[in-house]
Amino acid sequence: MSFKDELQKLRASFDTDLATVSGDDELEVLRVKYLGRKSGLQDLMRLLKDMTNDERKDAGQAANEVKKAIESAFDLTTTELERARLENLATEEAIDISLPGIAPPVGHLHMTTTAIREIEGIFARLGFTRVRHPEVEWEWYAFETLRVGPDHPARDNWETFFIDAPADDKKGKMVLTPHTTNGDVREMERGDLPIRMMNINKTYRRQSDVSHVPMFHQFEGLLIDEGVTITDLKGLFEHFAKEYFGADREIRLRPHHFRFTEPSFEVDISCGLCHGKGCRMCKDGWVELGGAGMLHPDVLKAGGVDPEKYGGLAFGWGLERTVSMRAGLNISDLRTMYSNDVRFLQQF
Ligand code: DAH
């Protein structure tokens with residue numbers, strides 16, 4: 001086969017190969033095959049040196065033409081492949097901006113937190129400052145200073161958790177506070193009178209059933225000033241009941257007994273279902289909110305407050321109970337509030 005025929009054959013083979021190329025990698029393989037040092041074209045070029053001058057001029061020119069043709073075919077294909085890639089990109093990676101987005105789930109505060117903030121707000125507007133006294137407490141503040149001595153049967157009312165820690169000669173054992181009344185004497189000890197305290201905190205008792213959780217919350221209000229009377233107590237509750245439960249709700253005070261208050265009351269609110277008429281839920285038209293009373297002079301003295309000069313009122317209510325009694329909320333088992341089931345929590 002003549003030199004030119006060989007060139008022709010090479011050229012034809014290149015054209016066939018190029019037609020099958022569909023990507024940059026394949027093109028690179030072809031470049032090595034047709035333009036590399038070990039390519040057929042180079043083999044042919046090497047023959048030139050054995051030719052006569054005339055032959056070489058003619059054959060060299062023909063070989064160069066083929067080489068240029070192959071090179072420009074490569075350039076063209078490279079450009080072509082890049083254009084095709086960009087074109088596909090536009091369809092393959094297209095984003096349909098008219099599609100509706102996927103909304104991330106939005107959470108909200110736990111119903112207990114919401115209630116704490118709400119109750120805190122209602123009393124803040126009456127001048128009460130939110131505080132938190134210890135959850136891990138001495139018997140002294142949880143019981144003794146509240147006139148509940150070590151052997152007093154009233155201690156059994158609070159099913160107390162005890163901390164496994166050394167006892168103090170004066171302050172007794174450490175407990176998980178079973179009520180927020182522990183903050184009353186602590187607050188008085190700060191010596192800053194008058195006092196308008198709202199102690200909202202976690203409290204603990206060994207009870208677990210549909211209406212009790214072992215860890216719950218109470219809010220304790222304490223008002224100490226000159227000339228504080230039961231009228232103030234009643235006014236506070238009326239205000240709170242209407243703010244938190246609704247303008248149509250009434251309250252009533254029922255005489256009761258607590259060691260640390262004299263007189264003592266249980267505070268009832270008119271039933272949200274029958275509005276005081278009496279129904280299956282409430283029986284006599286009223287439901288119990290919590291305890292209250294005028295602080296016993298000995299409790300004031302335990303906190304360093306002169307009972308001749310100052311009067312004090314206090315009230316302590318269960319937060320979960322208060323929340324579940326709000327109109328429209330019919331929580332059949334209080335424990336669901338803390339079982340972390342979103343299906344329950346997202347309803348409130
Ligand atoms: N601490 C009491 C309890 O948990 C509730 C209570 C009753 C608090 C009367 C008071 C009060 O401040 O005056 O059972």
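I started with Lys33, which counts as partly exposed at 45% relative accessibility. For the scale I used, buried means under 20% relative accessible area, exposed over 50%, and partly exposed in between (1.4 Å probe, protein chains only).

Two notes on the source. The model is predicted, so I kept in mind that local features need pLDDT of at least 70 and side-chain atom pairs count only at pLDDT 80 or more, while totals for chains, interfaces and linings use all residues. Residues are numbered from 1 along each chain as its sequence is written, and side-chain values use heavy atoms, with hydrogens and water left out.

**Entry: salt bridges**

I looked up the partner of Lys33 and found a salt bridge with Asp17, the closest N and O atoms being 2.8 Å apart. The two residues belong to distant parts of the chain, 16 residues apart: Lys33 sits in helix α2 (residues 24-35) and Asp17 in helix α1 (residues 3-19). Helices here are DSSP runs (H or I, at least four residues), strands are runs of E (at least two), and both are numbered from the N terminus.

The rule I applied for a salt bridge is a side-chain nitrogen of Lys or Arg within 4 Å of a carboxyl oxygen of Asp or Glu. How many salt bridges does this rule give? The count comes to 25.

I then checked two further pairs. Arg132 forms a salt bridge with Glu135, with 3.5 Å between the closest N and O atoms. Arg132 is exposed, at a relative accessible area of 53%, and Glu135 is partly exposed at 22%. Asp333 and Arg335 also meet through their side chains in a salt bridge (3.0 Å, N to O). Asp333 counts as buried at 18% relative accessibility, and Arg335 as partly exposed at 32%.

I also noted a network of salt bridges that links Arg252, Arg254, Glu266, Asp268 and Asp284.

**Entry: cysteines**

How many disulfides does the structure hold? I found 0 disulfides, a disulfide being a pair of cysteine sulfur atoms within 2.5 Å. Cys282 is in no disulfide either, as its nearest cysteine sulfur, in Cys274, is 3.5 Å away. Cys279 is partly exposed at 24% relative accessibility, whereas Cys282 is buried at 7%.

**Entry: pockets**

A pocket was searched for on a 1 Å grid over the protein atoms alone, as an open set of points with protein on both sides within 12 Å along at least five of seven lines; lining residues have an atom within 4 Å of a point. A volume is the space filled by probe spheres set on the points, which are joined across faces, edges and corners.

The largest pocket has a volume of about 810 Å³. Of its 35 lining residues, Trp158, Arg205, Gln218, Glu288 and Gly316 are the closest to the centre. Strand β9 gives the largest share of this lining, 6 residues. By class I recorded 13 nonpolar, 15 polar and 7 charged residues. Nonpolar covers Ala, Val, Leu, Ile, Met, Phe, Trp, Tyr, Cys and Pro, charged covers Asp, Glu, Lys and Arg, and the others, Gly among them, are polar.

The second largest pocket holds about 480 Å³ of space. Of its 20 lining residues, Met281, Ser324, Met325, Leu329 and Asn330 are the closest to the centre. The elements that give two or more residues to this lining are β9 and α10. Its classes are 10 nonpolar, 6 polar and 4 charged.

How values were computed. On a 1 Å grid over the protein atoms alone, a cavity is a set of points where a 1.4 Å probe fits but cannot get out, and a pocket is an open set with protein on both sides within 12 Å along at least five of seven lines; lining residues have an atom within 4 Å of a point.
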